[in-house]
Each structure stands twice: as C-alpha cells, then as structure tokens.
Amino acid sequence: MFRRGACLPSCKGLLMIPLRDLNPTRHFPLVTITLIGLNVLVYFYELSLQAVSQQTLERFFYIAGMVPYQITNGVDTPPPNIVPIYLTILTAMFMHGGWLHLGSNMLYLWIFGNNIEDVMGTTRYLVFYLLCGLGAAALQIFVNPASRIPAIGASGAIAGVLGGYILLYPQAQIETLVFFIFIQIVRVPAIILLGYWILIQLFSGVLSLGMPDVGGVAYFAHIGGFISGLALVRFFRRW
C-alpha cells in the first residue's frame with residue numbers, strides 16, 4: 001500500500017485533461033525539464049525493481065517514500081531507509097506508483113511549470129518547487145501523523161506550481177480535453193481548470209477524513225502544496 005498524488009481533475013463523469021496553455025515564455029525552462037527528466041529516470045529504476053519482483057518495488061517505496069509515522073516520531077521503522085528519515089520528504093517527490101501517476105504529474109509540470117520558472121528564474125523556481133513539496137508533506141503529516149503508509153509522488157510540489165499559476169495567470173487560456181457525455185477540446189481559463197481541480201481535492205479530502213488508512217490518493221498533500229504555492233509565489237517572482 002502507498003499514498004500517491006493524482007493531478008487529473010475528475011469528478012462524477014467529468015474529466016478535464018489540459019493539453020497546453022496559450023501563455024508564451026521568454027526563457028528556456030531548464031529546471032522544469034530537469035525535474036521531468038529526474039522523475040522519469042527514477043520511474044525507470046522502479047520498473048527495473050518491479051522486474052525483479054513486486055515485493056522489491058514495494059520495499060523501495062518504504063525505504064525512500066515519506067512515512068508520516070517516521071517523521072512525527074523521529075524513528076526509522078523497518079525496512080531501514082536509504083536516506084535519513086527527514087530527507088525522505090525530498091526523495092518521495094521523485095517517486096511514482098505507475099505510468100498514469102507519472103504521466104499526469106509530468107503533464108501538469110510541463111504545462112504550468114515553464115511559466116512559473118519563467119517569472120521566477122531557475123534558482124528561485126527550484127527553491128519554490130521544493131518548498132511547496134515540503135508544505136504538501138507537512139499538511140499530509142498533520143492530518144494523518146500516525147500513518148505507516150509511504151506517500152510518494154511529485155503532485156504535492158506540482159500543486160504549489162498550480163497555486164502560483166492561478167494567482168499570476170488566472171485568465172490564461174488552457175486547451176483542455178473534456179470528457180463529459182461528449183469528448184471535445186475547449187479553451188478554458190486557468191482559474192476555471194485549476195479552481196475545479198483544487199475544489200475536487202478539498203471535497204475528496206474532507207470525505208476521506210475518518211476513513212481507514214489504506215492508502216490511495218494523498219489529497220491533503222495536494223491541498224498543502226497548493227496553499228504553499230499561493231502563499232509563496234509573490235515572494236519568489238521576479239518583479
């Protein structure tokens with residue numbers, strides 16, 4: 001079992017998949033592309049572990065994923081971590097639980113991350129991204145501090161990118177593939193697409209409170225990352 005992020009906004013038959021934004025940039029998105037490359041490389045490593053056995057892959061999730069119980073209690077429960085327990089907050093940001101998990105996260109990072117990097121610059125953007133991932137982990141731990149299920153995925157940090165984007169470019173047009181009775185590509189303002197996304201996270205997160213701790217989507221990591229992005233973006237953008 002593990003907790004993961006899921007970026008695609010879907011609720012009761014309505015699915016919206018962003019394809020690209022009509023928001024040009026001025027600079028090459030070096031950090032965004034590097035982050036995507038690192039996530040893909042780690043996923044290929046996971047596939048090599050899965051080729052050995054599913055148990056080997058799950059062991060990797062436990063030794064490199066972020067386990068709330070370990071963070072709150074300061075203990076390294078078996079199997080032993082490959083890095084100090086507090087650094088698992090960082091390593092977990094580059095791990096994914098499947099190709100759909102990876103693909104949806106990297107799609108969002110590519111579409112929205114390049115604009116945030118463009119307005120911040122490479123160094124500020126990288127720090128902003130990592131801090132949003134930290135904020136995502138913090139809220140997930142706060143909500144479920146005793147969980148022994150590893151949380152993995154880049155979606156908490158990416159949610160921070162979305163929070164920054166919705167503040168800086170609320171009217172930017174996003175070409176979006178919509179599934180709802182019909183299938184159609186439409187242009188949607190960022191505030192509609194990303195607002196719909198965070199509403200789903202809030203609604204699903206509230207419904208998950210009090211439910212058995214059996215893994216699934218880490219909704220509160222998304223919420224924590226999004227809030228972090230909203231709070232930090234104005235401090236990191238270049239004026």
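Reader: Let's start with Glu175: buried or exposed?
Author: Glu175 is buried in this predicted model. Its relative accessible area is 15%, and the cut-off for buried is under 20%, so Glu175 falls on the buried side.

Reader: Nice. Where is Glu175 found?
Author: Glu175 lies in strand E4.

Reader: And which residues is Glu175 in contact with, leaving aside its neighbours in sequence?
Author: Beyond four places in sequence, Glu175 is in contact with Ile17, Pro18, Leu19, Arg20, Leu22, Val186 and Arg187.

Reader: Good to know. Switching to the core: how many residues has the largest nonpolar core?
Author: That core has 52 residues. Phe112, Tyr125, Tyr129 and Leu194 are the ones with the most contacts inside it.

Reader: Which elements give two or more residues to this core?
Author: The helices are H1 (30-52), H5 (99-120), H6 (122-143), H7 (155-168), H8 (190-208) and H9 (219-236), and strand E4 (173-180) contributes too. H5 gives the largest share of this core, nine residues.

Reader: You mentioned Phe112. What does Phe112 touch?
Author: Not counting residues up to four places away in sequence, Phe112 touches Pro18, Val161, Leu162, Tyr165, Ile174, Leu193 and Leu194. There is also a second, separate core of eight residues, with Leu57, Phe60, Phe61 and Ala64 among them.

Reader: OK, tell me about H5. How many of its residues are buried?
Author: In H5, 17 of the 22 residues are buried, so this helix is largely enclosed by the rest of the structure. From its first C-alpha to its last, H5 reaches 30 Å, close to the 32 Å expected at 1.5 Å a residue.

Reader: Where does H5 bend?
Author: H5 bends at Gly113, by about 40 degrees. Just after the helix comes Gly121, with a positive phi of about 90 degrees.

Reader: How about H7 and H8, at what angle do they pack?
Author: The angle is about 145 degrees, and their axes are 10 Å apart. The crossing of H7 past H8 is left-handed.

Reader: Which residues meet there?
Author: From H7 you have Ala159, Leu162, Tyr165 and Ile166, and they meet Ala190, Ile191, Leu194, Gly195 and Trp197 of H8.

Reader: Staying with H8, how many residues has it and how far does it reach?
Author: H8 has 19 residues and reaches 27 Å from its first C-alpha to its last, close to the expected 27 Å. Its buried residues include Leu193, Leu194, Tyr196, Trp197 and Gln201. After H8 comes Gly210, whose phi is positive, near 85 degrees.

Reader: Now H9. Where is the kink in H9 centred?
Author: The kink in H9 is centred on Leu230 and is about 30 degrees. H9 has 18 residues and reaches 25 Å end to end, C-alpha to C-alpha, close to the 26 Å expected.

Reader: And Leu230, what does it touch?
Author: Leaving out residues up to four places away in sequence, Leu230 touches Gly163, Gly164, Ile166 and Leu167. Leu230 is partly exposed, with a relative accessible area of 33%.

Reader: What covers the buried residues of H9?
Author: The cover includes H5, H6, H7, H8 and strand E6 (216-217). Among the buried residues of H9 are Phe220, Phe226, Val233 and Phe236.

Reader: What about Phe235, buried or exposed?
Author: Phe235 is also in helix H9, and Phe235 counts as exposed, at 67% relative accessibility. Its C-alpha is separated from that of Ser48 by 40 Å.

Terms used: Residues are numbered from 1 along each chain as its sequence is written. This is a predicted model: local features need pLDDT of at least 70, side-chain atom pairs count only at pLDDT 80 or more; totals for chains, interfaces and linings use all residues. Side-chain values use heavy atoms; hydrogens and water are left out. A nonpolar core is a set of buried Ala, Val, Leu, Ile, Met, Phe, Trp, Tyr and Cys residues joined through side-chain atoms within 4.5 Å. Buried means under 20% relative accessible area, exposed over 50%, partly exposed in between (1.4 Å probe, protein chains only). Helices (H or I, at least four residues) and strands (E, at least two) are DSSP runs, numbered from the N terminus. Contact means heavy atoms within 4.5 Å. The expected span of a helix is 1.5 Å times one less than its number of residues. The bend at a residue is the angle between axes fitted to the seven residues ending there and the seven starting there. Axes are lines fitted to C-alpha atoms, for helices over the stretch in contact, and angles run from 0 to 180 degrees between N-to-C directions. A crossing is left-handed if the near helix is turned anticlockwise from the far one by less than a right angle, and right-handed if clockwise.
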